[in-house]
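This report is written for a reader who is meeting the structure for the first time. Please look over the sequence and the model before reading on.

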Amino acid sequence: MKKYFVTTLTGITMVALLAGGCATKGAVKKEEAVVPVVASESNEAAKAAEIARAAKAKADADAAAAAAAAAAAAEAKAKQDAEAEARNRALAASKPAGSLVVAPADSDQDMVVGRRNAENSATASVTTVSSFEAVYFDFDKSDLRQDSRDVLSKNAEAILKSYPSSKIQIEGHCDERGSAEYNLALGERRAKSAQKYLTNLNVKAENLSIISYGKEKPAVTGNDEAAWAKNRRAEFVVVK
């Protein structure tokens with residue numbers, strides 16, 4: 001009986017040990033199965049971080065390239081302006097006093113118009129006639145508005161009636177914004193627009209001349225739109 005009891009106890013112990021070993025092995029396998037998932041998540045995070053770093057580096061490089069391009073464009077523009085001004089001075093020096101000098105330019109924005117002794121009072125006197133009204137322009141424009149056409153029609157009637165043989169000078173003016181050179185060019189374009197319209201109304205072209213004062217002779221002092229609107233104009237005087 002004792003021998004039988006010992007044999008049974010031994011068998012139970014072996015079964016318990018076998019069962020424990022299997023459970024341990026299963027747990028180890030389950031833990032090992034988790035490891036690849038964790039490793040996979042870590043790899044994905046690393047890849048995302050690398051992509052973000054690469055995108056930031058590209059954005060920084062693009063920004064640096066854009067800044068370099070802008071600096072180069074500004075330098076080229078400054079050089080072009082300096083060359084245009086030098087050409088204008090050279091041309092102005094070769095012209096007699098009172099003449100209007102237009103320097104060669106690549107575009108309207110780069111046009112430089114110089115004037116030596118623009119008032120030319122030494123060679124002619126001018127008289128402002130009250131029957132002539134000024135015409136006004138929009139900002140940075142030289143085309144005629146409808147109200148300006150109406151005024152020019154009245155001026156043409158006055159010229160044809162009272163000054164058919166007189167010399168009329170058309171003065172182009174601008175507001176204070178922009179460079180002196182650019183405003184001289186803009187004032188010239190405004191005077192030319194008025195001159196062309198008057199000739200279309202049968203005023204003799206040979207009796208009309210133009211001059212640009214740019215922003216040098218404002219009609220109204222001030223730094224707001226109300227003043228600027230009054231200074232963007234073309235005026236008419238009789239030259240004796």
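**The nonpolar core**

The structure is a predicted model. Its largest nonpolar core comprises 19 residues. Those with the most contacts inside this core are Phe132, Val135, Leu152, Ile168, Ile170, Leu198 and Phe236. At least two core residues come from each of helix 2 (146–162), strand 5 (167–173), helix 3 (180–200) and strand 7 (233–239). Helix 2 makes the greatest contribution, with five residues. As a general background, nonpolar side chains in soluble globular proteins tend to be buried together.

Leaving aside residues up to four places away in sequence, Ile168 is in contact with Phe132, Ile159, Tyr163, Asn207, Leu208, Ser209, Phe236, Val237 and Val238.

**Strand 7 and its partners**

Strand 7 is mostly covered, since six of its seven residues are buried. Strand 7 runs antiparallel to strand 4 (residues 135–136), and two bridges join them. Within this pairing, Tyr136 has Arg233 of strand 7 as its bridge partner. Strand 5 also pairs with strand 7 in the antiparallel sense, here over six bridges. Ile168 has Val238 of strand 7 as its bridge partner, and Val238 is also among the residues that Ile168 touches.

**A buried loop residue**

Asn207 is found in the loop between helix 3 and strand 6 (208–214). Apart from residues up to four places away in sequence, Asn207 touches Pro164, Ser165, Ser166, Lys167 and Ile168.

**Salt bridges**

The count of salt bridges comes to eleven. Three of them are set out below.

| Residue pair | N to O distance |
|---|---|
| Lys56 and Asp60 | 3.1 Å |
| Arg232 and Asp175 | 3.3 Å |
| Arg233 and Glu235 | 2.9 Å |

The pair Lys56 and Asp60 belongs to helix 1 (residues 2–93), where the two residues are four residues apart, about one turn of the helix. Lys56 counts as exposed, at 52% relative accessibility. Asp60 is partly exposed, with a relative accessible area of 42%.

Where do the residues of the pair Arg232 and Asp175 lie? Arg232 and Asp175 meet in a salt bridge. Arg232 is located in the loop between helix 4 (225–231) and strand 7, and Asp175 in the loop between strand 5 and helix 3, so this pair ties together parts that are 57 residues apart in sequence. Both Arg232 and Asp175 are buried. They also take part in a network of salt bridges that links Asp175, Arg177, Glu225 and Arg232.

Glu235 is partly exposed, with a relative accessible area of 27%.

Technical notes:
Residues numbered from 1 in each chain as written. Predicted model: local features only at pLDDT ≥ 70, side-chain atom pairs only at ≥ 80, totals over all residues. Heavy atoms only, no water. Core = buried A, V, L, I, M, F, W, Y, C linked by side-chain atoms within 4.5 Å. Buried < 20%, exposed > 50% of the residue type's maximum accessible area, 1.4 Å probe, protein only. Contact = heavy atoms within 4.5 Å. Pairing = 2+ DSSP bridges. Salt bridge = Lys/Arg side-chain N within 4 Å of Asp/Glu carboxyl O.
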